[in-house]
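Here is a short briefing to read beside the structure. Keep the view open as you go through the points.

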Amino acid sequence: MKIARVLVAALAFVLAAGCAKEKQEAGSAGPVGSDAPAHGDAIVEGSIGDVSGFLTAVTSDSASHTAAGYVFSGLVRYDKNLKLEGELAESWEVSPDGKRITFRLRKGVTWHDGAPFTSEDVLFTYRRMIDPNTPTAYAEDFKQVKRAETPDPSTFVVEYGKPFAPALASWGMHVLPKHLLAVYPDISRSPLNKKPVGTGPFRFVEWKTGEKTVFEANPDYFEGRPYLSRVVTRVIPDPATMFLELKSGGIDMMGVTPLQYTRQTETEEFRKLFHKYRYLSFGYTYLGFRLSHPLFSDQRVRQAIAHAIHKKEIIDGVLFGLGQEATGPYKPGTWVHNPDVKRYPYDPQRAKALLGEAGWKDADGDGVLEKEGRKFSFTVLTNAGNESRAKTAAIIQQNLDGVGVKMEIRTLEWAAFINEFVDKRKFDAVILGWSIPQDPDQYDIWSSKKTGPKELNFVGFQNAEVDRLLEEGRRTFDLEKRKKAYSRIQEILAEEQPYVFLYYPDALPVVHKRIHGIEPAPAGISYNFIKWYVPKDQQRYTTFQQ
Amino acid sequence: MLRYIARRLVLTVPLLIGISLISFLVIHAAPGGPVEMATDLNPKVTAEARERLRAYYGLDQPIHVQYVRWLGRMATLDFGQSFSRDGKQVSEKIGERIPVTLAINVLSMLLIFLVAIPIGVYSAVRKDSWFDRISTVVVFTGFAVPTFWLALLLMILFGVKLGWLPISGLVSLEYDSLGLAGKIWDRTSHLLLPVFVSAFGGLAGFSRYMRSNMLEVIRQDYIATARAKGLPERKVVFRHAMRNALLPFITILGLSVPGLLGGSVIFESIFAIPGLGQLFYQSVMSRDYPLIMGALVIGAFLTLIGNLLADVGYALADPRIRTE
Amino acid sequence: MGAGTSSIFRDFLRRLFRNRLAAGGGIVIALLFVVAAVPSLVTDRDPNRIDILRILAPPSAEHPLGTDELGRDVLSRMVHGGRISLEVGFVATGIATAIGLVVGLIAGFYGRWVDGVLMRFVDIMLCFPSFFLILAVIAFLGPSIINIMVVIGLTHWMGAARLIRAETLSLKERDFVAAARAQGAGNLRIIFRHILPNALAPVLVWATLGVAGAILVESSLSFLGIGVQPPTPSWGNILTAGKDNIEFAWWLSVYPGLAILVTVLGYYLLGEGIQDAADPRLKGR
């Protein structure tokens with residue numbers, strides 16, 4: 001059986017090589033010759049969605065941000081261990097009172113059109129971020145700035161009204177070229193949104209809408225020319241098609257699902273061609289309760305549900321073990337994560353006991369709990385198109401059924417979901433996810449001041465101590481003080497369970513073996529993208545000049 | 001003849017108005033607006049930023065004002081600016097996608113034409129034979145099978161297992177460096193599966209229609225007359241029967257445009273083809289109102305043109321109308 | 001109405017079942033109905049029972065059609081899904097037929113400008129790619145089963161309207177209508193008592209095909225994520241779940257695909273057979 005498979009694969013290869021015109025044969029088992037880093041070749045990625053624009057400030061989808069990341073740079077970025085390091089800024093100093101940051105910028109950096117990069121560009125970027133003509137969703141952090149100055153072309157000084165810890169990270173925002181954008185009052189309408197010019201490792205080549213984006217290596221990049229000559233992102237809306245393209249060599253890299261990772265990429269042929277990576281991604285999935293709902297206002301009920309949910313079943317059944325149980329809104333392994341918070345092991349007995357304490361009994365023996373004539377039944381909402389969330393909801397439904405709680409599932413398409421239900425607060429419970437930002441400030445999600453319509457604390461969480469700690473956390477740069485504040489916040493959240501924190505999924509990228517230089521780290525694998533290379537004799541796309 | 005065409009053209013005006021009205025009503029069935037998609041659950045958004053975006057897009061005007069403004073612009077094919085971040089004109093965005101979709105649809109129709117006619121004719125001539133029965137089942141299989149399923153199966157067979165054809169997209173990455181022959185083959189090989197999948201579904205209807213037309217025609221007196229005159233069967237079939245059965249067929253072809261356009265949503269997604277169907281789907285999901293309305297109107301407009309062409313073709317072919 | 005009718009009917013049935021393809025289709029449909037009505041004939045398993053230890057298990061004695069991505073029994077989901085798919089098909093077609101009847105009868109009977117306006121309306125609706133309209137409305141209003149049924153119905157009535165109008169036009173000139181009028185019957189009575197029953201025949205054929213079409217539309221909607229929502233099973237959403245695993249869990253794709261194929265084919269063949277059998281002019285050759 002296996003031999004037949006190998007033969008078919010070999011036959012396919014022969015045919016593909018025969019039919020293809022100028023394709024090189026993909027690097028297969030073992031390199032012949034040196035593995036040394038070499039310039040050249042291209043990497044082809046698959047993406048479900050197309051870019052909507054290249055200026056990060058005015059886009060909000062991940063496809064656009066990823067593309068922009070090849071072309072633009074920020075003042076700072078995160079290194080392999082998730083610590084902030086300088087990108088366009090060589091170094092920076094925070095004043096003792098925490099209100100002023102002085103960035104010393106790299107010298108000799110040029111824009112892709114040859115013009116020099118200076119502090120004027122940074123000032124320009126800041127001004128546009130707070131400009132009402134700019135349709136950006138990211139203005140908030142920059143509005144905290146009281147004053148910004150450029151004492152010389154390689155120094156940028158920014159002053160805040162109050163110390164603002166997330167400020168440093170906010171300067172990871174991509175810097176815009178003043179000399180090309182100053183004439184456009186609205187940068188989203190400028191040609192740069194379609195033909196970007198930045199200071200990043202790759203230069204823009206072309207964007208065929210709906211089809212692909214192409215970038216080429218920037219020989220003048222201030223960290224040295226990237227090894228790969230080209231980066232191509234192909235738009236492939238259907239995941240099944242994308243997987244087929246991966247296997248037939250049409251793309252070199254994609255993020256696979258847990259199911260594909262465990263069951264469909266374990267064959268010999270596959271492992272011969274691809275490297276599989278796995279690291280904890282930057283997000284978590286949760287079940288959120290509307291805290292003003294009569295069913296969920298009692299903390300014991302929420303805790304009971306937490307005990308009733310078999311998280312391990314979810315991680316095994318949905319993630320195939322490729323993820324971790326979540327206990328709070330911070331990723332394990334990060335400096336701010338507090339592992340010593342109250343946990344809720346799977347315990348249906350305890351769940352029933354707690355529910356009983358809260359007054360819920362099954363008096364009429366129909367399997368569903370009642371209290372004062374009202375059945376314990378509610379509807380959970382989640383967004384359509386997310387297979388993991390749909391499966392998670394199904395498992396939770398079964399778990400809760402076991403303790404007498406009836407849960408209906410309703411999936412809604414995203415736009416309707418956000419507007420009708422979350423924003424207008426017409427929900428019982430939701431299954432959603434947050435991405436975890438690198439800076440631990442989560443004011444917008446947990447502050448009692450953020451419970452207004454369309455604001456992000458849509459579950460209505462209000463806790464005076466947490467409010468105080470949130471303020472403490474964002475007003476100091478002292479890591480120890482911040483850690484203490486956020487640790488206590490995690491304790492309170494675990495106790496109160498405004499969410500049942502479900503899991504942190506793994507990111508599962510798969511990359512063609514001919515691409516060397518990938519080193520998994522806490523930040524993932526893409527942090528050193530400019531150091532990825534393909535050895536000379538394994539290069540596949542050689543028809544590009546470079 | 002010209003009067004006939006002119007009359008048909010005039011009739012299309014009320015149709016166009018009706019089309020615009022229905023499109024407008026459809027998109028206003030929607031709760032939620034484009035602003036929500038753009039500024040979703042991103043912790044960095046504030047209510048103020050959202051309101052700013054809402055005013056920016058003009059959604060705070062009353063409905064009838066919005067419709068009238070839009071209708072006026074539609075007359076000049078100006079559907080306004082897309083709500084999406086790239087801010088392109090709707091007509092520009094649709095214009096980018098139409099060539100691909102049209103090309104595939106035209107090729108499909110051609111394929112259907114070439115295959116359905118012989119099948120229909122032969123089935124009629126040999127009614128109830130093995131050929132008739134088997135071809136019935138085969139063509140209806142094409143209708144009955146979900147497009148994406150068929151597409152994936154073919155992709156796996158021809159793309160992965162046999163490696164003969166590319167899996168998705170319009171051209172290879174190395175397209176620019178290929179010679180002319182290489183370029184032609186490249187485009188063709190990328191189009192083979194999508195056109196086939198698109199056409200396979202339509203075969204059923206057309207071949208059956210052709211068959212029943214032929215059956216009708218064959219029973220006519222003039223066929224009996226032709227046979228009585230001693231004409232060879234082949235001449236009877238081709239010269240007389242088929243010609244007459246063909247006429248209504250042309251009309252039907254024009255009517256197939258909406259079906260093909262609708263189906264394109266699915267197979268463009270599966271084959272990663274950047275066409276009008278994909279654009280429409282994305283615009284619906286992101287509540288890009290101007291683009292949705294533009295696509296609906298243009299889709300309907302294409303149908304109108306298809307029908308018009310079919311009617312003109314029919315008029316040209318049918319001497320009775322020509323001499324009116 | 002009289003003794004003559006039943007022998008006409010028997011003739012019709014005889015002709016119908018001599019057509020082997022149509023007979024085959026009829027049998028398939030009948031089987032489907034039976035299974036949908038009484039699922040326990042085939043299986044007792046709960047279609048929603050999750051079993052994460054048996055995710056994507058191949059067909060076996062315990063799970064004759066295998067399990068899906070949450071370990072649920074595919075056979076049971078197919079059976080219950082069949083019922084849902086049938087429901088969607090029938091209600092949607094019912095709505096379409098009802099609308100088509102009303103529009104066609106009124107247009108055909110009253111004629112002149114009423115006819116003109118209504119037929120223009122039909123033309124306008126026919127210009128839209130119906131799937132575009134369905135897609136937009138379902139996306140806006142949400143993919144509940146009711147919405148799906150109603151929207152499919154609202155976008156597919158035009159064929160029926162045209163058919164009924166044509167029949168009405170020819171029927172209203174007939175003698176029995178003149179006779180009824182001479183007896184003092186009002187318009188409405190004529191329409192409903194006399195014309196409607198006689199105009200129904202071609203519509204039935206059309207409706208058969210409509211049910212088949214609705215099943216296909218639902219599967220397309222499921223592919224786009226806005227069909228019947230899981231965990232409620234439908235053939236469309238089982239097929240869609242299977243497409244991402246098409247090589248490694250072929251049972252999840254092949255069985256629902258085949259089921260849709262065979263069912264739609266069955267409806268089509270049956271519908272065509274009815275048409276052939278009902279048309280006395282095409283008798284034999």
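Chain B has 14 helices and zero strands. Read from the N terminus, its elements run α-α-α-α-α-α-α-α-α-α-α-α-α-α. Keep in mind that this is a predicted model. It scores ipTM 0.83 and pTM 0.85.

**Chain B as a whole**
- Chain B holds 324 residues, and 45% of them are buried.
- Take the contacts in chain B between residues at least 6 apart in sequence: 72% of these join residues at least 24 apart.

**Where chain C touches chain B**
- The contact takes 39 residues from chain B and 35 residues from chain C.
- On the chain C side, the elements giving two or more residues are α4 (112-127), α5 (130-141), α9 (187-223), α10 (235-243) and α11 (250-278) of chain C.
- Which of these gives the largest share? It is α5(C), with ten residues.
- By type, the chain C side divides into 25 nonpolar, five polar and five charged residues.

**Confidence in chain C**
- The mean pLDDT of chain C is 84. In this chain, 95% of residues reach 70 or more.
- Confidence is lowest in helix α1 (residues 3-18) of chain C, at a mean of 70.
- Confidence in chain C is highest in helix α6 (residues 145-155), at 92.

**A strand in chain A with two partners**
- Strand β14 (residues 283-289) of chain A is mostly covered. Six of its seven residues are buried.
- One partner of β14(A) is strand β20 (residues 429-435) of chain A. The two pair in the antiparallel sense over seven bridges.
- Within that pairing, G283(A) has S435(A) of β20(A) as its bridge partner.
- β14(A) also pairs with strand β21 (residues 499-507) of chain A, in the antiparallel sense over four bridges.
- In β21(A), Y503(A) stands opposite T285(A).

**A helix with a buried face**
- Helix α17 (residues 479-496) of chain A has 18 residues. From first C-alpha to last, α17(A) reaches 26 Å, close to the 26 Å expected at 1.5 Å a residue.
- Which residues of α17(A) are buried? They are R482(A), A485(A), Y486(A), I489(A), Q490(A) and L493(A).
- Seen down the axis of α17(A), these buried residues fall within an arc of 140 degrees, so they line one face of the helix.
- The general rule behind such patterns is this: an α-helix has 3.6 residues a turn, so residues three or four places apart point the same way.
- The buried residues of α17(A) pack against α16 (464-474) of chain A.
- On the other side of α17(A), E480(A) and E495(A) are exposed.
- Just after α17(A) comes Q497(A), which takes a positive phi of about 50 degrees.

**A buried residue in a loop**
- V109(A) sits in the loop between β5 (100-105) and α3 (119-129) of chain A.
- Is V109(A) buried or exposed? V109(A) is buried, because 20 other C-beta atoms lie within 10 Å, and 20 or more is the cut-off for buried.
- Leaving out residues up to four places away in sequence, V109(A) touches L88(A), F117(A), T199(A) and F222(A).
- G328(A) is 219 residues from V109(A) along the chain. The C-alpha atoms of the two are separated by 41 Å.

Note on methods
Residues numbered from 1 in each chain as written. Chains lettered and ligands numbered in written order. Predicted model: local features only at pLDDT ≥ 70, side-chain atom pairs only at ≥ 80, totals over all residues. Buried ≥ 20, exposed ≤ 12 C-beta atoms within 10 Å, placed from the backbone. Pairing = 2+ DSSP bridges. Contact = placed C-beta atoms within 7 Å. Nonpolar A, V, L, I, M, F, W, Y, C, P; charged D, E, K, R; others polar. pLDDT = per-residue confidence, 0-100. Expected span 1.5 Å × (residues − 1). Arc of directions from axis to C-beta.
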